[in-house]
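Please look over the sequence and the structure shown here before reading on. The text below leads through the structure step by step.

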2 protein chains.
Amino acid sequence: MDIAILSIGNEVVKGRTVNTNASEISKAMIENGHQVKYILTCMDEPTDICDSLKFLTERSDVIITSGGLGPTVDDLTIRAISECLNLKLVINSDAEKELRKRYNDLGLDFTEERKKMAYLPEGAEPIQNHYGTAPGIFLKHNGKLIFSTPGVPREMRGMLAQILKILGKGNLNYISRDMKVYGIMESTIAPLEREIMEKFQNKISVKSHPESMEFKDPVLTIEIYGYSKDNDLEREIEGAMEMVRQHVVQLGGRLEEKEKS
Amino acid sequence: MDIAILSIGNEVVKGRTVNTNASEISKAMIENGHQVKYILTCMDEPTDICDSLKFLTERSDVIITSGGLGPTVDDLTIRAISECLNLKLVINSDAEKELRKRYNDLGLDFTEERKKMAYLPEGAEPIQNHYGTAPGIFLKHNGKLIFSTPGVPREMRGMLAQILKILGKGNLNYISRDMKVYGIMESTIAPLEREIMEKFQNKISVKSHPESMEFKDPVLTIEIYGYSKDNDLEREIEGAMEMVRQHVVQLGGRLEEKEKS
């Protein structure tokens, strides 16, 4: 399934918070056989959240949001999603019971701000928050799956396993290998990259990540990777790596291969 | 001016690369009086780049892209932008001259892969790359400004100053202050946050960033910030901070204020 990630929060858009959540979610999805297509970050504004959600639902099967689930006034993800999809916001009795118990156990009132976290879009199921308070949501809507998780990394992480259980394993096998090349410019190795991608008919992608200047002691990490439904991928990636090895020797460069991860 | 950032690269979508570029660009823009609305990350796919560009140009005045400017086959940002906007891809004589000289000075041929980096969308100007090879682009199109920078952080950073020079100073004064609160739950401080935002008529935003669990030794960073065209902001933020100070004392919490940055 194609997945899109929607990160919601002024602090991410402003650059105050570097978006490690999106990277973590993406890695977890790919490791489980899915493909991620987009990561979109928007502010805590209902219109922006709705526009973003529409852009992503038109282009993927699953949307995973993070951020904006707490008790404060700027935590408006759930309300924005409900309004955007024309779903009523209704109290979820399981979520309410759980939240009420947690506050009452500490002798605390179940205030409006606390109760707010028990409201979900009609038809949504709560996802348990093992490391915080606000539950996440799981919603099926027009053939799409929408998951919402909190923005606090520990809380988001705690929900990822539950989301992966609902999604199940995808059918894509992802393999990626890195080769570090010293002494060859990116523009020099570019024709080889084209040759590999043509030979393997775009089943394999090759990307060079420059780690220094082109013109002075060039260092590149060559990443060879692919997604596949069959078992040929490992062999094809090894074939592509062999092409890189031969080429680097011919050009007088030096190679360092990382261990398989 | 409202700004949107478009990060282009499979490695960012896959979570291999955490998107620090977007955070850096955003911070630099805000420090210079602009506001950032969206950060969108897409793959090295012309259709996805075009869809993303359209989404962002409909919602902001300036789009800054990073990634996909190099000599390799997957570096297709410039071609994708040209096709998307129905602009011819033309060789820029300044860029070509500069690139040809740099390779010839090292006794290297000016190959097709190297020449590729001199092609810009019709009407675009090159932005000098002081820390790498591929020039950036600056393009005015239908009243929008589009800048493209490389994905290598050092090269992107080297172009930011040039972009800020073209954009000029924005008219928004951004002020942000952090207060660290110990021993008060986020759901307990939520009504105060609403009160502050109502009192300052949404000129000031308050966000609480939980740094621990709600139910056990809660720690919050309260962020008070705003964008303003007038000089009242500093005073209003101080007023909001005073409200937090009083509230925290009343509730028996403890406060740590960071120095102004």
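**A walk through the structure**

The expected span is taken as 1.5 Å times one less than the number of residues in the helix. Helices (H or I, at least four residues) and strands (E, at least two) are DSSP runs, numbered from the N terminus. This is a predicted model, in which local features need pLDDT of at least 70 and side-chain atom pairs count only at pLDDT 80 or more, while totals for chains, interfaces and linings use all residues. Residues are numbered from 1 along each chain as its sequence is written, and chains are lettered from A and ligands numbered from 1 in the order in which they are written.

Which residues of α9(A) are buried? They are A:Leu233, A:Glu236, A:Ile237, A:Ala240, A:Met241, A:Val244, A:His247 and A:Val248. Seen down the axis of α9(A), the buried residues fall within an arc of 140 degrees, so they line one face of the helix. A residue is called buried if 20 or more other C-beta atoms lie within 10 Å of its own, exposed if 12 or fewer, and partly exposed in between, with C-beta atoms placed from the backbone. The arc is that of the directions from the helix axis to the C-beta atoms. On the other side of α9(A), exposed residues are A:Arg235, A:Glu238, A:Glu242, A:Gln246, A:Val249 and A:Gln250. The cover over the buried residues of α9(A) includes β9 (173-182), α8 (186-199), β10 (205-210), β11 (219-228) and β12 (254-257) of chain A. After α9(A) comes A:Gly252, with a positive phi near 75 degrees.

One of the covering elements is β10(A), where 5 of the 6 residues are buried, so this strand is largely enclosed by the rest of the structure. β10(A) pairs with β11(A) in the antiparallel sense over 6 bridges; two strands pair if DSSP finds at least two bridges between them. Within this pair, A:Ser205 has A:Tyr225 in β11(A) as its bridge partner.

A:Met197 is placed in helix α8 of chain A. This residue is partly exposed, with 18 other C-beta atoms within 10 Å. Leaving aside neighbours within four places in sequence, A:Met197 is in contact with A:Asn202, A:Ile204, A:Ser205, A:Val206 and B:Val73. Two residues are in contact if their C-beta atoms, placed from the backbone, lie within 7 Å. A:Gly132 is 65 residues from A:Met197 in sequence and 46 Å from A:Met197 in space, C-alpha to C-alpha.

Now consider chain A as a whole. Its secondary structure comes to 9 helices and 12 strands, and its C-alpha trace spans about 75 × 40 × 35 Å along the principal axes. Of its 261 residues, 49% are buried. The domain assignment gives domain 1 (2-167) and domain 2 (173-257) in chain A, with bounds that come from an automatic or database domain assignment. The C-alpha centres of these two domains lie 38 Å apart.

How does chain B relate to chain A, and what rotation superposes them? A rotation of 180 degrees with 0.0 Å of shift along its axis superposes chain B on chain A, with an RMSD of 0.0 Å. The two copies are thus related as by a two-fold rotation axis. The superposition is by least squares on the C-alpha atoms of residues with pLDDT of at least 70 in both copies. B:Leu40 comes closest to the axis among the residues of chain B, at 2.2 Å (C-alpha).

In chain B, helix α8 (residues 186-199) has 14 residues, which at 1.5 Å a residue should span 20 Å, and its end C-alpha atoms are 20 Å apart, which agrees. Its buried residues include B:Ile189, B:Leu192 and B:Ile196. The buried residues of α8(B) pack against α6 (112-115) of chain A, together with β9 (173-182), β10 (204-210), β11 (219-228) and α9 (233-250) of chain B.

Strand β7 of chain B (residues 136-141) pairs in the antiparallel sense with β6(B) (residues 125-127) over 3 bridges. β7(B) is also joined by 5 bridges to β8(B) (residues 144-149), again antiparallel. β7(B) and β8(B) form a hairpin with 2 residues between them, and B:Asn142 in the turn has a positive phi of about 50 degrees.
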